[in-house]
Structures are given as C-alpha cells and as structure tokens.
Amino acid sequence: VEPDALLEELAATVGSRREAGWLLEEVQSLAEPARTDRARTLAARRAAGEPLQYVVGHWPFRDVDLLVDARALIPRPETELLVGLALERLAALGRPGVACDLGCGTGAIALSLAVEAAARRLEVQLVATDVDDAALALAGRNVARVGARGVELRCGSWYEALPVSLRGRVDLLCANPPYVAHAARASLAAELGYEPDGALFADDGTDGTPGLAAVEAVVRGAAAWLTPGGTLLVEHGAGQRAAVTALASASGLVDLVDHDDLGGRPRILDARRPA
Ligand SMILES: C[S@@+](CC[C@H](N)C(=O)[O-])C[C@H]1O[C@@H](n2cnc3c(N)ncnc32)[C@H](O)[C@@H]1O
C-alpha cells in the first residue's frame, strides 16, 4: 500500500491523523508487505482502546526515550516536574550524591536523573527499586537503552529493597507510588485498565484518606534512610495534600512544601530530614 493511502487508512481506523502519522513512523523501516501488515496491527490495537504509548512501544520522558509496555505505568508529565526538583537538589549538594527511586516502573525517574545529572557533570549513585519483577525487567532494558551509568536495580517492597549500607545516607529519595483508591476504579478512563493495577491502586491510608497507603509507607520510612538534611520528593493524588503534609510532619520531616502540577493540582511533597 502506498504511504499516502496507508496514512488515510490508518487515520480512519484510529480516528486521528496525528496518531496515524506516529504509527506510520514506527513501521517506516520495514519493507512491504511487512510494513502495511504491521501498521494495520498497531492501528487495530489502538482502535481497540490500548494506550498509544503501549502500541508505539516507546515514549519520551524529559530527555530520554523509554520502552513502555503493559509491565509498567506509562510515565506521566507530572513526574517530569518531580525530576526537575530532584536535579536542583542534586546540584545544590556540591558533592557526589546518593539518590533512590522507589517504585521505578519503566525507570523514568532514575534514568532521567542519571542521564541529566551526567550531562550536568553531577556525580550520583542511583538505586531504583520495584516490588514487581516484570517492571524491573523493563527498567533493566531501559538502563541499557539510554546508556545510564551508576544505576542499580533492586527488587522489594519500598525500603526493604534498599541495601542496609544506605540507611541514613540517602541524599535524595524520590517516589511516585500508586495513589488511586480502589473505590475510584469504576470512574476511571478505560485506557487505565491497560496499566498494571499495582502501579495505579493503593489501599486507603491509616487516617482513612483514599488511596494513601503506599504514599504513607514511603513518607513514614523516609527519615530513617535520609542523610541529615536529605530530601524526600513524593508524588501523590490531588486530594491527598493535607494528609501527606500531616504525615510528613508526624514522621519528623521539616521544610515541607507541596508543589502543584502543571494543571494547578496538588502533586509533589517536598520535605527534608532535619540537618
Ligand atoms: C505510579 S507507578 C510509578 C512508576 C514510575 N516511577 C513512574 O513514575 O513512571 C508505581 C510503581 O510502584 C511500584 N510499587 C507498587 N507497590 C510497591 C511496593 N510495595 N514497593 C515497591 N514498589 C511498589 C509499582 O510496581 C509501580 O511500578
């Protein structure tokens, strides 16, 4: 099929010329008839409701292009903001730093930090963790893909995954834990059904805040792992600001700031262990 005709056909299948263009780009390097076959397969997946990012199989996040598939959450623009804050903190250290990305999924946070820190000549030792082996396998492929150096992947639940040698020594703790309440499942867009449950949903917090349990585990454990003056950056749900800041304060953290995302919604807790 000629490229123009194929573009029209794909646009009709997926209902968007822009998306059809992206799909066509993905198959450009193939010879016919594999190119048309592959393009039609991708378009059919998209038309069936699968997120475009999974259909394409890779997606940009800040300066890196990451492999994305159903093993891990599709990295979101909100999280790019968290990485920007994290880099500022690493730069302010003025010495080599230790940073952790808890619940790394594709590796978006840790790998962006590794790549952008290297570009700014900042030295950082990174540990990226996940409880889900399949997500970690994907993160491992992304480490190789972006050529990140100094990133160690470890499996386990939150702080249990970290080597004890880092206890009290971490300069920067980053996490984007699951924070959607199970009760909200029915009201969510169907596309979210393609992402792993464990990346999206969490139990309610001990204070009853919907979906707070994973964020709570990260915030409560932070002071023990941070170095004095070290920073915790945690993404959370828009309705969780009051509960998250109360938790951080009760967990001995100070200098609490909660940043809005680009849409003006409460999104990132920024706190420190006292110096
Ligand atoms: C919202 S996703 C974030 C993924 C990635 N950091 C990002 O920002 O795109 C949450 C991640 O936390 C992981 N996770 C869930 N429960 C966990 C636990 N108990 N310990 C460690 N990771 C966990 C999930 O497997 C998932 O990869």
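**Note on the ligand site and salt bridges**

1. In this predicted model, E8 counts as partly exposed because its relative accessibility is 43%, a value that falls between the limits of under 20% for buried and over 50% for exposed. The side chain of E8 takes part in a salt bridge with R17, in which the closest N and O atoms are 2.6 Å apart.

2. A second salt bridge joins the side chains of D65 and R145, with an N to O distance of 2.6 Å. The pairs E8 with R17 and D65 with R145 may be read against the total for the whole structure, where a search finds 20 salt bridges.

3. As to its location, the ligand sits in the largest pocket. Around the ligand are 17 residues, of which G103, D130, W158, N176 and A199 come nearest. Sorted by class, this shell comprises eight nonpolar, seven polar and two charged residues.

4. From the side chain of D130, an N or O atom is 2.6 Å from an oxygen atom of the ligand. At W158, a backbone N or O atom lies 2.9 Å from a nitrogen atom of the ligand. For V131, the corresponding distance from a backbone N or O atom to a ligand nitrogen atom is 3.4 Å. The ligand, taken alone, exposes 590 Å², and the protein buries 92% of that area.

5. Two residues deserve a joint reading of the points above.

Terms used
Residues numbered from 1 in each chain as written. Predicted model: local features only at pLDDT ≥ 70, side-chain atom pairs only at ≥ 80, totals over all residues. Heavy atoms only, no water. Near = heavy atom within 4 Å. Polar contact = N/O pair within 3.5 Å; in protein donor to acceptor, adjacent residues only side chain to side chain. Areas by Shrake-Rupley, 256 points an atom, 1.4 Å probe, with all protein chains shown as cover. 1 Å grid on protein atoms, 1.4 Å probe; cavity = no way out; pocket = protein on both sides within 12 Å on 5 of 7 lines; lining within 4 Å. Sits in = over half its atoms within 2 Å of the grid points. Nonpolar A, V, L, I, M, F, W, Y, C, P; charged D, E, K, R; others polar. Salt bridge = Lys/Arg side-chain N within 4 Å of Asp/Glu carboxyl O. Buried < 20%, exposed > 50% of the residue type's maximum accessible area, 1.4 Å probe, protein only.
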